[in-house]
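Let's take a friendly walk through a protein chain. Keep the picture handy and follow along as we go.

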Amino acid sequence: MSKIFELYGYRLDYWNDEAIKNREKAGCPFMDAECDGGGNRYSSALNIKNFPELKQYFPGKEEVQSGVCSLRLRDSDQPWIVCPRRLLSLRGQEPLHQTHAREQLIKCSGLEKNKIYRSWSEVKMKVETTNDDDETKSFDYTFDYIITGSGRKKLSETAKLLGKGVQATKKIAEENGYTLAFRDNEYWIEDFPTDPIVIVEIMTSSTSGGDKKKRTQISMACEDAIKDPKNHNGPGINYRQVWARMVSQLIVKSQVGIAWNGKTVWLLQDVLAQYISSTTALDLSRYISEIPDEVNILAFSYGEIDDKNTSPITEINSSIFYSGPITQKTENTGVKGFVEIVKIGAPPEKEFLWRSLFRKSPSGSVIWK
């Protein structure tokens, strides 16, 4: 049965006083802030008013997010990360426990060392564009993070870019923390976003819906683990859903990075990378690299997690970088590249269909008249 491996950033099997103090404030050590449920788990929040027995665990709190970072399906398995903040957070200052992830991201993105870049999270973009044939196309996507450089830009030019007046643009700049300077009788924005551009997409696993009777819904599992870390049940992992979400965006967002003369880097866990390789025609092992290409994937691993000297917060210090073209024509094998992620690895024999059908009752009949 699935178990929570990490709760509010701390391993349940190495729970200690430090973990208790962190849980009392519903802290996330990977953001150095209060847990936000990964930004997409609000329906699983724990309302302390409705669960008065939880008050002792969260003094002064009225509601907290379910702080489930990862799940372990079996004792011998690697945990599955289910919260994107666990893998990487680019909000605020650099936290203590994601040094390796940040260093590897900078390295594979081609960014310069010891240079400050800024990041934006949850960047939504819904626009209509025109292709080479003057056909109107819709682009409606949200980027997990955008990293850019900084440069000077005239406030008047920025106003024209936004289609607003200079004073309205100045107010927007001030509200969003940009630095304004008055030179040569006009205002400049000293730190307007500029190249280089890096799109960062974080793909962690989805959980199954869970079972109320077995108390495997994410909020129930969190509640039970808080009360008794050794006795609780967790939800399962929905492998297909997370793969479907990734495959639907991998090529598109990689192409956008290329179009912007930038790069797109996908961050995921090694167990998900292995699942992709085993279920599609894409063999990631053929794309291990040290330099970025059109498609870039940075896969992280927990490594050895059952070491007796393990600390309550597990540092992820192992990763593999995969990169390659979207498509590549070869003489003998035809079209290769990361486009193979949308192709089936190997179709099942027809006998498997007959077996599946024979194990089910027919749902009805079809007659064409």
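## Helix 1 and its two sides

Start with helix 1, which covers residues 17-24: A19, N22 and R23 are buried there. If you look down the axis of helix 1, its buried residues fall within an arc of 100°, so they line one face of the helix. And what sits on the face turned away from that buried side? There you'll find the exposed residues D17 and K21.

Before we move on, remember that what you're looking at is a predicted model.

## The whole chain

Now zoom out. The chain has 9 helices and 19 strands. Its C-alpha atoms fill a box of roughly 75 × 65 × 50 Å, taken along the principal axes. There are 369 residues in the chain, and 43% of them count as buried.

Next stop is helix 3, residues 99-109, where you'll find A101.

Along the sequence, A101 and L87 are 14 residues apart. In space, their C-alpha atoms are 7.6 Å apart.

## Salt bridges

Here's some background: side chains of opposite charge can pair when their charged atoms come close. How many salt bridges does this structure hold? The count is 18.

One of them joins R11 and D13, with 2.8 Å between the closest N and O atoms. Another salt bridge brings together the side chains of D77 and R74, at 3.0 Å from N to O. R74 has 51% relative accessibility, and since exposed means over 50%, R74 counts as exposed.

## A link across the chain

A further salt bridge is formed by the side chains of E53 and K227, at 3.3 Å from N to O. This pair links distant parts of the chain, as E53 and K227 are 174 residues apart. E53 is in the loop between strand 5 (46-47) and strand 6 (63-64), whereas K227 belongs to helix 6, residues 218-227. Both ends of the pair are partly exposed: E53 has a relative accessible area of 35%, and K227 comes in at 36% relative accessibility.

## Patches on the surface

Which residues form a negative surface patch? They are D132, D133, D134 and E135. E135 lies in the loop between strand 9 (118-130) and strand 10 (136-154). With 39% relative accessibility, E135 counts as partly exposed.

There's a nonpolar patch on the surface too, made of L353, W354 and L357. Together, these three have about 320 Å² of accessible area. L357 has its place in helix 9, residues 350-358. Its relative accessible area is 48%, so L357 is partly exposed.

Note on methods:
Residues are numbered from 1 along each chain as its sequence is written. This is a predicted model: local features need pLDDT of at least 70, side-chain atom pairs count only at pLDDT 80 or more; totals for chains, interfaces and linings use all residues. Side-chain values use heavy atoms; hydrogens and water are left out. Patches are made of residues with over 30% relative accessible area and no salt bridge: like charges are joined within 9 Å, nonpolar side chains (Val, Leu, Ile, Met, Phe, Trp, Tyr) within 5 Å. Accessible areas come from the Shrake-Rupley method with a 1.4 Å probe; for residues, only the protein chains shown count as cover. A salt bridge is a side-chain nitrogen of Lys or Arg within 4 Å of a carboxyl oxygen of Asp or Glu. Lys and Arg count as positive and Asp and Glu as negative; His and the chain ends are not counted. The place of a charge is taken as NZ of Lys, CZ of Arg, CG of Asp or CD of Glu. Helices (H or I, at least four residues) and strands (E, at least two) are DSSP runs, numbered from the N terminus. Buried means under 20% relative accessible area, exposed over 50%, partly exposed in between (1.4 Å probe, protein chains only). The arc is that of the directions from the helix axis to the C-beta atoms.
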